[in-house]
Amino acid sequence: MRGLSVPSFYKIMTFKEKVNGLITEALLEKPSVFLVDLAVSDSFKISVGLDGDNGVALQDCIDISRAIENNLDREEQDFSLEVASVGVGTPLKMIRQYKKNVGRTLIVTTNTEKIEAELVEANDVFIILSWKAREPKKVGKGKETVQKEQQIPYTEIKEAVVTVTF
């Protein structure tokens, strides 16, 4: 009778949990840097996406990479590792990312509309966007520029991306 083998799904989950624990521990020494994304593929390719309140330095990526690399045994489980800062144009996933981007222009997609506007406020429940729009004059012909502002709860945001202007 053959012994029971652990399904690869469970092996990946426990491996991912171990990696997540190592990252969490390493980030305790870097309070301004935070984990945005962690993925472990079936072939044990570890992809770590970091962000920071003041950006992410190359040294931050190196330190997190070493914290993972030095605490996993390749004899036990072979893996590949990629640690990087989340790139420009990557959708925002965490409230902390919205807060750090106040003052920047976002493209926000909700269930009903897509808005490109300045992020003027971000709290734990919603964001506030502000932009100028051309609208028909209330009196007479033609259009006038008006300042618009909209509050959007995080629950209604499908995607939000910081835009880069040159």
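Trainee: Why is D51 called buried?

Mentor: Buried means under 20% relative accessible area, exposed over 50%, and partly exposed in between (1.4 Å probe, protein chains only). D51 has a relative accessible area of 7%, so D51 is buried. Please bear in mind that this is a predicted model, in which local features need pLDDT of at least 70 and side-chain atom pairs count only at pLDDT 80 or more, whereas totals for chains, interfaces and linings use all residues. Residues are numbered from 1 along each chain as its sequence is written, and side-chain values use heavy atoms, with hydrogens and water left out.

Trainee: What makes the pair of K100 and D51 a salt bridge?

Mentor: A salt bridge is a side-chain nitrogen of Lys or Arg within 4 Å of a carboxyl oxygen of Asp or Glu. Between the side chains of K100 and D51 the N to O distance is 2.8 Å, so the pair meets the definition. The pair links distant parts of the chain, with K100 in helix α3 (residues 95-100) and D51 in strand β2, 49 residues apart. Helices (H or I, at least four residues) and strands (E, at least two) are DSSP runs, numbered from the N terminus. K100 has a relative accessibility of 26%, so K100 counts as partly exposed.

Trainee: Which domains does the protein chain have, and how far apart are their centres?

Mentor: The domain assignment gives domain 1 (15-86) and domain 2 (92-162); such bounds come from an automatic or database domain assignment. Taken over C-alpha atoms, the two centres are separated by 32 Å.

Trainee: How do you know that domain 1 and domain 2 are in contact?

Mentor: Contact means heavy atoms within 4.5 Å. By that rule, twelve residues of domain 1 are in contact with five residues of domain 2. The area buried between the domains is about 660 Å², and carbon and sulfur atoms give 47% of this area. Buried area is the accessible area (1.4 Å probe) that two parts lose on being put together, summed over both. F34, V36 and D53 supply 59% of what domain 1 buries against domain 2, more than any other three residues.

Trainee: How many salt bridges does the rule find across this interface?

Mentor: The rule finds three across the interface of domain 1 and domain 2, while the structure holds ten.

Trainee: What makes D63 and K30 a salt bridge, and which parts does the pair tie together?

Mentor: The closest N and O atoms of D63 and K30 are 2.8 Å apart, so the distance lies within the limit of 4 Å. D63 lies in helix α2 (residues 58-69) and K30 in the loop between α1 (8-27) and β1, so the pair ties together parts that are 33 residues apart in sequence. K30, D60 and D63 are linked in a network of salt bridges.

Trainee: Which strands hold E135 and K148, and what makes the two residues a salt bridge?

Mentor: The closest N and O atoms of E135 and K148 are 2.9 Å apart, and the two form a salt bridge. E135 lies in strand β6 (residues 126-136) and K148 in strand β7 (residues 143-153), 13 residues apart. With a relative accessible area of 25%, E135 is partly exposed, and K148, at 31%, is partly exposed.
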